[in-house]
Structures are given as C-alpha cells and as structure tokens.
Amino acid sequence: MLPTTSKGRASNVRPNPVFPQYLRRIVKWRQMDIEYTFWQMLNLCTSPKVVYQHTKYHKQTKNQWARDDPAFIVICSLLLIVATSAYCAAFSHSVGHAISTVLSVLIFHFLITGAVLATCCWFLTNSYLREESPNSHVVEQRVEWLYAFDVHCNSFFPMFVLLYVIHYFLSPLLIAHGFIPDLLSNLLFMVAVSYYHYLNFLGYDVLPFLERTTFFLYPIGIVIILSPLMILSGFNPTRYMMSMYFS
C-alpha cells in the first residue's frame with residue numbers, strides 16, 4: 001500500500017512557478033480561454049455556485065485552486081476601461097481628465113485595491129480560519145494568494161455590472177435630487193456591495209480546509225443596517241461618486 005504521509009514541511013517551501021507563468025501569459029492572448037472566461041462571468045451573475053463547483057474540478061486536475069489563465073483579469077480590465085470611458089464621454093470636461101480617471105479606476109480601484117483586499121483575506125484565512133490538522137504528518141493546506149485575488153475578481157465582476165453598467169444607464173435619474181433617486185441609488189449600492197461579499201464567502205467556503213467562513217458574510221449585515229440610515233439622511237452615493245470624479 002502506498003504511503004499517504006508527507007516528508008515534513010519541505011514540500012511546502014518549494015518554489016511555485018505558477019505566478020511568473022501567469023504573468024507571462026497576460027501578453028499571450030491566443031493562450032487564453034476567452035469562451036470559458038465569459039461563461040464564468042455570466043454564471044457569476046446568475047449561478048455563482050456553479051463557478052466554484054468548477055473550481056473544485058480545477059483543483060483535482062491542476063493541483064491548485066487558483067486559475068492559471070489570466071483571461072478573466074484581462075477581460076475584466078478591458079470592460080472596466082470601456083465602462084469608465086463611457087462615463088468620461090458623458091461627464092468629463094477634458095481628454096486629460098478622462099485619461100487620468102480611466103487609469104485611476106483601473107489601477108487603484110481594481111488592481112491595487114483588489115490586491116490589498118486579497119492580501120487581507122489571504123492572511124486572515126491562513127492565520128485564523130484554517131482547520132487544525134488532526135495528524136501532524138498530513139500535508140498542510142494553505143490558501144494561495146493568487147486564489148484570494150481570483151476570489152476578489154470573481155466578486156468584483158457582478159458589482160461592476162451593477163455599479164458601472166446598469167448604474168451608467170440609470171445615472172440621469174440617480175443624480176437627481178429627491179427621495180426616489182436617493183432610495184434607488186442606495187438600494188443599487190447595497191445590492192452590489194452585499195453580492196460582492198456573498199461571492200467572497202462562496203469563494204472561501206468551497207475550500208475544505210477552512211472553517212468559520214461565515215465571517216465573510218458579516219459585512220452584509222453592516223451594509224443592510226447602514227443603508228436605511230443613509231436613505232433617511234438624504235445621502236446619495238451616486239451624487240457623491242460623480243462629484244468626486246466629475247465635479
């Protein structure tokens with residue numbers, strides 16, 4: 001019978017070539033699975049559990065939780081550039097301002113903020129949410145940082161659809177003054193942020209070596225409590241965001 005134990009911690013410190021290979025594939029468009037990426041994006045908005053069911057299959061076949069194909073990030077970045085450019089075409093007052101806005105949204109809002117959130121979740125899950133192994137000889141499993149960033153990207157896409165696409169077409173109504181625009185704007189932001197955290201929960205709940213993953217649902221309760229208060233106070237997140245970028 002083949003042994004099932006590992007040879008200590010040496011197997012955990014081997015260099016991982018996945019990340020350098022991942023970065024090299026970003027500039028190789030023909031190696032990306034575009035069709036599968038759009039399938040993921042569609043199902044993240046309609047049936048997100050199906051996407052994470054396929055994540056289990058990926059672990060079984062590739063022996064890693066993270067995607068080895070950067071197509072999702074590349075396509076999401078391109079869509080973000082297009083959507084932000086549409087906002088700039090409608091509300092920006094100069095070409096220079098439009099370019100700086102597009103770069104700010106792409107680099108800071110999506111990539112840098114995503115990397116910070118992924119790092120926080122990666123540290124939290126590996127430090128506090130991993131199950132204690134009952135056998136010291138069992139290979140220790142950890143959340144990959146690239147997988148944490150994948151979870152952020154998956155969670156970001158439906159929020160992008162709500163707050164960049166649907167929000168764009170509703171913006172003439174949402175920026176108006178009055179109770180109805182304030183109500184609709186807060187509801188749209190509440191649904192978008194809540195769905196982001198729900199997908200975040202699904203991404204970590206699928207990992208069998210994590211426990212207490214319901215922690216990632218707690219921010220939804222905070223959002224639900226704060227939204228009525230912001231509506232009653234007359235705060236309109238749409239007007240706030242538009243004034244911040246296009247005042």
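Author: Helix α4 covers residues 71–91, and its end C-alpha atoms are 30 Å apart. That agrees with the 30 Å that its 21 residues should span at 1.5 Å a residue. The expected span is 1.5 Å times one less than the number of residues. Helices are DSSP runs of H or I, at least four residues, numbered from the N terminus, while strands are runs of E, at least two.

Reader: What is the source of the coordinates?
Author: This is a predicted model: local features need pLDDT of at least 70, side-chain atom pairs count only at pLDDT 80 or more, and totals for chains, interfaces and linings use all residues. Residues are numbered from 1 along each chain as its sequence is written, and side-chain values use heavy atoms, with hydrogens and water left out.

Reader: Which residues of α4 are buried?
Author: Among them are Phe72, Ile73, Leu80 and Tyr87. Buried means under 20% relative accessible area, exposed over 50%, partly exposed in between (1.4 Å probe, protein chains only).

Reader: What sits over the ring of Phe72?
Author: The charged end of Arg67, 4.3 Å from the ring centre. The rule: NZ of Lys or CZ of Arg within 6 Å of the centre and within 35 degrees of the ring normal.

Reader: New topic. How many aromatic pairs?
Author: The count is 21. Rings of Phe, Tyr and Trp (its six-membered ring) pair if their centres lie within 6.5 Å; planes under 30 degrees apart are stacked, over 60 edge-to-face, the rest tilted. Tyr245 and Phe246 make a tilted pair, 6.3 Å centre to centre with 45° between the planes.

Reader: Is Tyr245 buried or exposed?
Author: Buried, at 15% relative accessible area.
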